[in-house]
Amino acid sequence: MPAITLLSEADLRSCITLDQPALDAVEQAFALLATAKVAMPPILRLDVPEHNGEVDVKTAYLPGLERFAIKVSPGFFDNPKLGLPSLNGMMMLLSARTGLLDALLLDNGYLTAVRTAAAGAVAARWLSREDSRCVALIGSGEQARLQLQALRLVRPIEQVKVWGRDAAKAAGLADDLGRDGRLHIQVCGSVDEAMQGVDIAITCTASREPLIQPRHLQPGLHITAMGADAEHKNEIAPQALAQVDRYVADRLSQTRVLGELHHALRAGVVDEAANHCELGQVIAGLQPGRERAEAVTLCDLTGTGAQDTAIANLAFERAVAANKGLAFSS
């Protein structure tokens, strides 16, 4: 049997960061969803209510890639009380030719964080105005930091407005973001304040109540929403989603059941037959994205197995080239 490569989080952090190749790999995955015979089953979700836990399993086969990933992603949200992180996870990388296991990527959720941020930048690259300079970060966790890092690869960001439920955490994030002196950072006391006058808004929270309301929509705005990765999570008010000029999903079959679109459909403010499209279709030129500078666009990102397979392949290839990891036989 061929050897299996075991890659630790440290190995993967040394090989993968938010750079242009990572964005391009995720962008290619979206394009393949629209143009190739991708196999991507629905998300498998397991809830552990006694311990405030949930586990998602995602996978996808992308034609043209040597391997496919199966990702197990637990989130146990009482863990901080035990001195443990809320999120962890791993990816299994298998040969698309033989089905044999090539590698175990023990990333503890790092690769998911990177590919999620990369997806946000890809959405902004295709849907926001090219001259966007001011961004609102709605949320103050690790993903907010990574989203800004990725966004700066595709847009000339100069001003950042930060809002979070935990004011101290938001202030800490603002301090970190402002250390290089290249950005003007503003901590905001409300979502209303954060949304005033921005070109791009990124929502990255676990909110169960809408944060973005119709009053926050302004000409030229782009919103990337990524918090609604479960049925009970909701960052965009249904009425706001109904009023945007262009709604784009990462995968409509997912956003209809657990994304922001899910809530708008349940509220009856959006027609099930509406002409929505997917980000991959925009990238592939099959559907329009932003058609006017003053249009309001929204990208609903729920996270796809295609992104996981893309980032896992890139990580494995870089790790092998750098001679990282431990090889062992089963």
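Modeller: A salt bridge is a side-chain nitrogen of Lys or Arg within 4 Å of a carboxyl oxygen of Asp or Glu. E54 and K233 form such a pair, with 3.8 Å between their closest N and O atoms. Between domain 1 and domain 2 the count is one salt bridge. The rule also finds two residue pairs in polar contact across this interface, both at pLDDT 80 or more; the model is a predicted one.

On the side of domain 1 that touches domain 2, α2 (20-35) and β3 (53-60) each supply at least two residues. The largest share of that side comes from α2, with eight residues. By type, the residues on this side of domain 1 are eight nonpolar, four polar and seven charged.

As for the domains themselves, the assignment gives domain 1 as 4-111 + 306-328 and domain 2 as 129-303. The contact takes 19 residues from domain 1 and 24 residues from domain 2. Taken over C-alpha atoms, the centres of the two domains are 24 Å apart.

The size of an interface is often given as the accessible area lost when the parts come together. Here the area buried between domain 1 and domain 2 is about 1600 Å², and carbon and sulfur atoms give 62% of that area.

E317 lies in helix α11, residues 305-321. E317 is partly exposed because its relative accessible area is 44%, a value between the 20% and 50% cut-offs. In sequence E317 and C15 are 302 residues apart, while in space 9.2 Å separate them, C-alpha to C-alpha.

Notes. Residues numbered from 1 in each chain as written. Predicted model: local features only at pLDDT ≥ 70, side-chain atom pairs only at ≥ 80, totals over all residues. Heavy atoms only, no water. Helix = DSSP H or I, 4+ residues; strand = E, 2+ residues; numbered from the N terminus. Buried < 20%, exposed > 50% of the residue type's maximum accessible area, 1.4 Å probe, protein only. Domains from an automatic or database assignment. Contact = heavy atoms within 4.5 Å. Buried area = accessible area lost by both parts, 1.4 Å probe. Polar contact = N/O pair within 3.5 Å; in protein donor to acceptor, adjacent residues only side chain to side chain. Nonpolar A, V, L, I, M, F, W, Y, C, P; charged D, E, K, R; others polar.
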